[in-house]
Amino acid sequence: MSGWLWALGGVVAASAIWGSVLFATGGFSSEPSPDLAGYAYTGDLCADTSLTPFENAHFRTKANTGTTSKDANPQHSGAQLTSLDTMTCNVSFQQDGTSSSGYSSTWLYNTATLHRKTDPTPEFADTYRSYEKQDTSVDYRVETVPGIGDEAYLVTRKDDAGTSNSSYVILGVRDGWMTYQSTWSSYASSSSGSTSKQPTATEVATMLKTSATETLKRLQNSGSR
């Protein structure tokens, strides 16, 4: 009988030790571990953003307009917080053949977020599908984009048939608990003197997808640098 009690005591002791290890390492935690899919925070998202597709379409980065960081172009920012890491990169472009006599504005807004506490998966699709439900003067089309991350969505205006002097296109990507959004906003007045046509939504979508594919590869590689 004493041997049996001794064995039982050993099992209880071992269980207590194992339980303390699980508690210390978060084994009993109700919070899921974030699936960051190999992505890592960078303080300069612009350094990892691929601009080649836009440059190949004859858009060049505008020169800086001042001497402070607020005047920089491209302009980046970022923050590492308890629940998430955020990174942004904004780029102002000028299309080749556009004169300074008229007004034109072309921007690329990129954001990347590493979600460390909450899985963004359940709400990600609806974030973009909601554009189709907006009761505004502008109607949007939302399409799935295969081959980028775990899921991706493209948002375009339904009235953009290639004849407009403006375009607005959004690409949203989720890969694990990393979310990425790239937004193109472009406008050129009739007096801008541009000898080049504004790209269509389809052309912009191709540029955004090509840029996102390369940019996300760089962000994953930044985790090993």
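# Notebook: a look through a predicted model

**Entry 1: a loop residue to start.** I began at H58, which lies in the loop between α3 and β1. This is a predicted model, so I kept confidence in mind throughout. H58 has a positive phi of about 70 degrees, although it is not a glycine.

I then looked up A37, in the loop between α1 and α2. Its phi is also positive, near 55 degrees, and A37 is not a glycine either. At 27% relative accessibility, A37 counts as partly exposed.

P74 sits between β1 (59-61) and β2 (75-80). The peptide bond joining N73 and P74 is cis, with omega at about 0 degrees.

**Entry 2: the whole chain.** I counted 5 helices and 8 strands in the protein chain. Along the sequence they follow the pattern α-α-α-β-β-β-β-α-β-β-β-β-α. The chain has 225 residues, and 37% of them are buried. I also checked how far apart in sequence the contacting residues are. Of the contacts with a separation of 6 or more, 64% are between residues 24 or more positions apart.

Entry 3: Mean pLDDT for the protein chain is 84, and 76% of the residues reach 70 or more. Which element has the lowest mean pLDDT? It is helix α1 (residues 2-25), at 45. Helix α4 (residues 121-129) has the highest, at 98. Over residues 1-26 pLDDT stays under 50, and the model has 4 contacts beyond four places in sequence for that stretch. Where pLDDT is low, the predicted coordinates should not be read in detail. I left that stretch alone.

**Entry 4: the cores.** The largest nonpolar core has 33 residues. Those with the most contacts inside it are F54, F93, W184, L208 and L216. Several elements give two or more residues to this core, among them α2 (45-48), β3 (84-95) and β8 (178-188). Which element gives the largest share? It is α5, with 8 residues. I also noted a second, separate core of 8 residues, which includes Y131, Y140, Y153 and V155.

**Entry 5: F54 and its rings.** I went back to F54. Leaving out residues up to four places away in sequence, it touches F59, F93, L108, W184, M207, L208 and S211. There are 10 aromatic pairs in the structure. F54 and F93 form one that is tilted, with 5.5 Å centre to centre and 40 degrees between the planes. F54 is in helix α3 (residues 52-56) and F93 is in strand β3, so the pair ties together parts that are 39 residues apart in sequence. Both residues are buried. F54, F59, F93 and W184 make up one aromatic cluster.

**Entry 6: L45.** L45 is in helix α2. Its relative accessible area is 0%, so it is buried. Beyond four places in sequence, L45 touches H76, M87, T88, C89, N110, T111, A112 and L219. I also checked L45 against T86, which is 41 residues away along the chain. Their C-alpha atoms are separated by 9.7 Å.

**Entry 7: strand β8 and its partners.** How many residues of β8 are buried? I found 8 of 11, so the strand is mostly covered. β4 and β8 pair in the antiparallel sense over 11 bridges. S104 stands opposite A188 in β8. β7 and β8 also pair in the antiparallel sense, over 10 bridges. There, R174 has T179 of β8 as its bridge partner. The hairpin of β7 and β8 has 2 residues between the strands, and G176 takes a positive phi near 65 degrees in it.

**Entry 8: H115.** I ended on H115, in strand β4 (residues 104-115). Is H115 buried or exposed? Its relative accessible area is 17%, under the 20% limit, so it counts as buried. Its side chain makes a polar contact with the side chain of T179, at 2.8 Å.

Conventions. Residues are numbered from 1 along each chain as its sequence is written. This is a predicted model: local features need pLDDT of at least 70, side-chain atom pairs count only at pLDDT 80 or more; totals for chains, interfaces and linings use all residues. Side-chain values use heavy atoms; hydrogens and water are left out. Helices (H or I, at least four residues) and strands (E, at least two) are DSSP runs, numbered from the N terminus. Buried means under 20% relative accessible area, exposed over 50%, partly exposed in between (1.4 Å probe, protein chains only). A polar contact is a pair of N or O atoms within 3.5 Å; within protein, one must be able to donate a hydrogen and the other to accept it, and residues adjacent in sequence count only if both atoms are side-chain atoms. A nonpolar core is a set of buried Ala, Val, Leu, Ile, Met, Phe, Trp, Tyr and Cys residues joined through side-chain atoms within 4.5 Å. Contact means heavy atoms within 4.5 Å. Rings of Phe, Tyr and Trp (its six-membered ring) pair if their centres lie within 6.5 Å; planes under 30 degrees apart count as stacked, over 60 as edge-to-face and the rest as tilted. Two strands pair if DSSP finds at least two bridges between them. pLDDT is the predictor's confidence in each residue, from 0 to 100.
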